[in-house]
Protein chains: 2
Amino acid sequence: MSKPRVTIVGAGLGGALMACYLGRAGYEVELFERRPDPRSGKVVGGRSINLALSIRGIHALHEVGLADQVLALAVRMPGRMIHAPDGRLSYQPYDKDPDRAINSVSRAGLNQLLVETAERMPNVTVRFDHRCQDVDLDGGRAVLVDNESGAEVRSTGDLLIGADGAFSAIRARMQRLDRFDYQQAYLAHGYKELTIPPATGGGFRIERNALHIWPRRSYMMIALPNPDGSFTCTCFWPFSGPNGFDRLQTDEQIMSYFETHFPDAVPHMPTLVDDFKTNPTSSLLTVRCAPWHYRDRVVLLGDAAHAVVPFYGQGMNCAFEDCTELNRCLQQHVDVGTALASYSAARKENADALADLALHNFIEMRDHSGSAAFRARKAIERILHRFVPGYTPLYTMVTFTRTPYSETVRKARHQDRVVLWALLSLVFVVGVAVILAVLP
Amino acid sequence: MSKPRVTIVGAGLGGALMACYLGRAGYEVELFERRPDPRSGKVVGGRSINLALSIRGIHALHEVGLADQVLALAVRMPGRMIHAPDGRLSYQPYDKDPDRAINSVSRAGLNQLLVETAERMPNVTVRFDHRCQDVDLDGGRAVLVDNESGAEVRSTGDLLIGADGAFSAIRARMQRLDRFDYQQAYLAHGYKELTIPPATGGGFRIERNALHIWPRRSYMMIALPNPDGSFTCTCFWPFSGPNGFDRLQTDEQIMSYFETHFPDAVPHMPTLVDDFKTNPTSSLLTVRCAPWHYRDRVVLLGDAAHAVVPFYGQGMNCAFEDCTELNRCLQQHVDVGTALASYSAARKENADALADLALHNFIEMRDHSGSAAFRARKAIERILHRFVPGYTPLYTMVTFTRTPYSETVRKARHQDRVVLWALLSLVFVVGVAVILAVLP
């Protein structure tokens, strides 16, 4: 059998990386993107500015030969910096090993590097400004419209990869198939990005090597460092109601709210009011579907298959792991249908596990990460991790290992039970010992 | 404020009943239906042949003056008849009161009566053969295509009611709205309809006044009586795997399977093999979404808002209750937007509760209804219902009262806890009494 010719719809992070993988493996690939070429100078917006890259993403970038180049431009974040309402700071390392860190990278920069890497391969063509308007599932073809000329373009491949994001046109077509399961679920919270610019004369206004969190129980703000010395802050607040975005309408309301709840951040945010009024409030979506493939013709990856909320910092890492696994399945199985079914079955379970982890971690970050109990639990986890062979905290497994997400959850549950039993046994033994000691 | 002009898309059971409600209340109503007029003689298929009508549906029909007429043509089913694998029968009444019954009605006959009732009102127009192809949510308008002429027709109302079923075009448009939650989930089981014809010379071949169940643990067959003496049987089996539809390909496989698993039914099914091969195997879908309305312009009802699996016999009853409630909200609130928001909020919770009840009842019917434990539990429920004031079994509340579905679930949980505590207390008291009695 010869290799299928591949069409990828969507040249975001996942689609562009998949083009790199398949281009290196010798496939003929055409990669289409709805948005204009960012190098043309037209503004591309609407997505987060920076992302946390961790081991799963790094592994994928390593496989396409880009890891060193990306990490050289990233800002390391080996821990969280918690900002209390009174401005007090407390630092929590992410791992017992201070060398382990997540990495703040620029979405736009990484995306451009991936597209340019794919574009340089002779067997890969990239076309911007092409919007997918129809899908022929049985043919594995997409019908696109050239935004410039208005002309209709038909893809020529026989395997169609839907990497077209949370609002995927390809998945929307699959949704009409009999027995296609689908769910889209929004949070009552939205997000808005704000900026902490570099210090006057350069450098970082707050700790450079940390992911900053201002946990305020039912809502929070976070900030990730950028290489230029700035931070991108993100407010995760309810759309409406108490502490909701809709409560802040006037300049005075905005300033006074931030001065009350994020007092230590305000002096570092000179453009706060303008940013708050100008930048959009976006929604937070979880998408689940099954199956991720149609026969040997169509397959989904990244947000198109499993948009997750951003609170575990794993959206991009999971999308990159999709590419690693789809590439591996295509190399392993001669039959494309078998490869897609095997990929779909294995990844679906893991994406579901991640979706739940990400939803749960929102509550953890905003409600608990500021509490003494949370700090104590994290400290105990680090002690167990250091001294108990085989014990690995869940966050470490998700972020610093490539253990499948669903397995990290099972392992974490198991070791929690073991620790609980060990503690109970210890209490029992100590109790018995005390009784024996005091007996006459 | 004057009454809005109303467009209803979908003249199935829910849409046609809504037209009757609003027609009686003096609204200008246009009702569109994708399928041809059944009176034109063109075949309309694809849905179940008969349905179980219970109190919620009867109440709605009563409000539009049709209840007596419908019940006169229905076959009463005051209980379940369980068919064991060896052909033994056992009868379980649905309620302590033998006068309480669910009613087998013909979908086609009831639908036609509702459409004709609406059509007779001067302020209601009905147009068949019109397919909804686009929706203007902000205008509350639908764009339809006349299947006969191919002409495009624009609805003229300013309130659009989506009663266009589980694959609703109107809901599909709403799904693209920001923060619209949506889920479609299929069962691994499908269904196929078969027939038990009337006895030679007329009359019923098996007990007329019962809903027949052949529970076989992971799968089942049921049969509902029709007024002409026939029964419509429905097999609920997995699509594939053990006991799956895909296992039966040849005439011999079909006959031998039925003779093994449903031996007492086979003599009554002379067209079994042909029916099995000819009739489609259809899928079973649960749809949930929120919100059910868009401003004061668009609102969903019936399967379009909440398709449920058929195992509680409540799909039509819930759709009819939607009509009752939407009509009530429109009469109660002068502002249409407030009426729709109030309807949507109240019904969503109840439809979710019913969806869960229906999924759960599949397991109950197929796995448990044949067991001695199930019969014992039902007998205890009837005794409690008869002798304990305030105790009402869940099935009774759902089927024979108009208590909101979500409240039936809460009440059932509460009374289960009370019964459990009462039993434990009784055991304790008896235990103490015994100990006191045997003490020297």
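The legends below describe close-up views of a predicted model. Residues are numbered from 1 along each chain as its sequence is written, and chains are lettered from A in the order in which they are written.

**View 1. The interface of chain A and chain B.** Contact, meaning heavy atoms within 4.5 Å, involves 15 residues of chain A and 15 residues of chain B. The two chains bury about 1300 Å² between them, 35% of it on carbon and sulfur atoms; buried area is the accessible area (1.4 Å probe) that two parts lose on being put together, summed over both. On the side of chain A, the residues that lose the most area to chain B are A:Arg179, A:Gln184 and A:Tyr186, together 43% of what that side buries. Between the chains there are 11 residue pairs in polar contact, both residues being at pLDDT 80 or more. A polar contact is a pair of N or O atoms within 3.5 Å; within protein, one must be able to donate a hydrogen and the other to accept it, and residues adjacent in sequence count only if both atoms are side-chain atoms.

**View 2. Strand β13 of chain A beside strand β13 of chain B.** Strands (E, at least two residues) and helices (H or I, at least four) are DSSP runs, numbered from the N terminus. The two strands, residues 181-196 in chain B and residues 181-196 in chain A, pair in the antiparallel sense over 3 bridges; strands pair if DSSP finds at least two bridges between them. A:Tyr182 has B:Gln184 as its bridge partner.

**View 3. The surroundings of B:Asp322.** B:Asp322 belongs to helix α9 (residues 315-332) of chain B. Is B:Asp322 buried or exposed? Its relative accessible area is 0%, so B:Asp322 is buried; the term means under 20%, whereas exposed means over 50% and partly exposed lies in between (1.4 Å probe, protein chains only). The side chains of B:Asp322 and B:Arg347 are joined by a polar contact of 2.8 Å. Leaving aside neighbours within four places in sequence, the residues in contact with B:Asp322 include B:Trp292, B:His306 and B:Tyr343.

**View 4. An open sheet of 6 strands in chain A.** The strand order is β8-β2-β1-β12-β19-β18, with mixed pairing. At the edges stand β8 (124-127) and β18 (293-294), each with a single partner strand, so one side of each is left without a neighbour in the sheet. Strands β1 (residues 6-9) and β2 (residues 29-32) run parallel and are joined by 4 bridges. Within this pair, A:Ile8 has A:Leu31 as its bridge partner.

**View 5. The salt bridge of A:Arg295 and A:Asp138.** A salt bridge is a side-chain nitrogen of Lys or Arg within 4 Å of a carboxyl oxygen of Asp or Glu. Here the N to O distance is 2.9 Å. The two residues are 157 residues apart, and the pair links distant parts of the chain. A:Arg295 is exposed at 54% relative accessible area, while A:Asp138 is partly exposed at 46%.

**View 6. The salt bridge of B:Arg410 and B:Glu349.** The closest N and O atoms are 3.4 Å apart. B:Arg410 lies in helix α13 (residues 405-438) and B:Glu349 in helix α10 (residues 336-368), so the pair ties together parts that are 61 residues apart in sequence.

Notes:
Predicted model: local features only at pLDDT ≥ 70, side-chain atom pairs only at ≥ 80, totals over all residues. Heavy atoms only, no water.
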